Amino acid sequence: MKKYVSVLILLILTLTYGACGNKEIKGEVKIFIKNQENFTKEKDIEKYMDTISKEQEEYVAEKKSWIRDIKNNNIEDYTLTIEKLKILDVSKVYVKIKQSYRYKEEKYNIVYPLLLVKEKGRWKDGDLNFEEMNTTHFKIKYLKKSKKYAKRIEKVCETAYNNITNRYGESINDCTVIKLYEDEERLRQSVKLSFAWKFAGWYEYPESIKTTKYEEEETYRKILEHELMHKFTISKSNNNMPYWFTEGLAVYFANFQNESKEYSKKSTYLRTYKGLIMNIQEIEKANLEKMKDPKKIANYYDNAGMIVKFMVEQYGIQKVKEIVEILGEFSYKEGTGAEVDEQAIKRFHWILPKVIGINIEALNKEWEKYLYETE
Ligand SMILES: [Zn+2]
């Protein structure tokens, strides 16, 4: 009987303590989410970044770019609502969050599964509730219900790595994080709320490679080759490449290599994009991220790829690689491709004569001659 009583008292104590502990955590989490919403609304980068876990450096970089984009664009009526809350343990909470905002008269809503972690006694945003899978050069992060897609990535990621290494003749050794999102809209909103169109893959230095669900392994191989080419070259150039040149290198060394020879022939290109083709000065001024017309978007990529193809054919692959290397001697400037573009273009112009012996105007003339006057 005595034993029974003490067990009962212990049970009551545990239940009471547990309930109180849970109530306290729930209250803390609600305040945390409200704060994160307010800091986002107030566009307070420092306070917002203080809500982010410092455990994963690529996540810190991604969120910094994300909040800067909100600061620079007119994102309105931003709200976060908790739809579900589950305490996993005293330092881990799962919350299903509904994020809403308005941009250019359109209203957007998504729901995402967030993991909150306690660091040094304070709750932090620890990214989505991802599972992990590892290969030699990659860490694949995915949601439990998307495991079959992560498996597809696992099968092809090392092939993509080897293909890019062989084609470009160089590689990087660090581990690349790949994040798999549930759909294109969630992928887009994880990158920039202001981004005008949905994409299949994304990479910004020094972030993770991001993608979404695809049925074919081959689709993943192609996406990863393109994004890996970004990672290799942007890190080698110390984040100093013009936007168009970054895309051009990825299109030339990834996309064109996965198409028939016919695809990147000048005659095919001229026929496909009649009326849209840009010279180097025009592509420098174009803003891919604000484009809406799918044909113009497709042209931007192929246009950039064709200019790089011309440079490789005219001056040799070594010279093109040298441009990337020498840009890497400039100091590092933090920022997304779009944010560093203006300075990167200036640096590109400055080093061009030193590497290929002609300036940007002459290069532009050569490109136009190559495209329109030769077979
Ligand atoms: Zn790209």
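Biologist: Which residues are buried in H4, and how should I read that word?

Modeller: In H4, the buried residues are Tyr-149, Ala-150, Arg-152, Ile-153, Val-156, Cys-157, Ala-160, Tyr-161, Asn-163, Ile-164 and Tyr-168. A residue is buried if 20 or more other C-beta atoms, placed from the backbone, lie within 10 Å of its own, exposed if 12 or fewer, and partly exposed in between. Helices (H or I, at least four residues) and strands (E, at least two) are DSSP runs, numbered from the N terminus. This is a predicted model, in which local features need pLDDT of at least 70 and side-chain atom pairs count only at pLDDT 80 or more, while totals for chains, interfaces and linings use all residues. Residues are numbered from 1 along each chain as its sequence is written.

Biologist: What covers the buried residues of H4?

Modeller: An α-helix has 3.6 residues a turn, so residues three or four places apart point the same way. The cover over the buried residues of H4 includes strands S5 (131-134), S6 (138-142) and S7 (176-180), together with helices H6 (217-236) and H7 (243-255).

Biologist: What span should H4 have, and how far apart are its end C-alpha atoms?

Modeller: The expected span of a helix is 1.5 Å times one less than its number of residues. For the 22 residues of H4 (residues 147-168) that should be 32 Å, and the end C-alpha atoms are 31 Å apart, which agrees. Just after H4, Gly-169 takes a positive phi of about 85°.

Biologist: Which residues have a positive phi although they are not glycines?

Modeller: Asp-127, in strand S4 (residues 122-128), has a phi of about 75°, and it counts as buried because it has 21 C-beta neighbours inside 10 Å. Asn-238, in the loop between H6 and H7, has a phi of about 60°, and it counts as partly exposed because it has 17 such neighbours inside 10 Å.

Biologist: How many residues of domain 1 are in contact with domain 2?

Modeller: Domain bounds come from an automatic or database domain assignment, here domain 1 (2-128) and domain 2 (142-373). Two residues are in contact if their C-beta atoms, placed from the backbone, lie within 7 Å. By that rule, 15 residues of domain 1 are in contact with 13 residues of domain 2. Helix H3 (57-72), strand S2 (92-103) and strand S3 (106-119) each supply at least two residues of the side of domain 1 that touches domain 2, and H3 gives the most, with seven residues.
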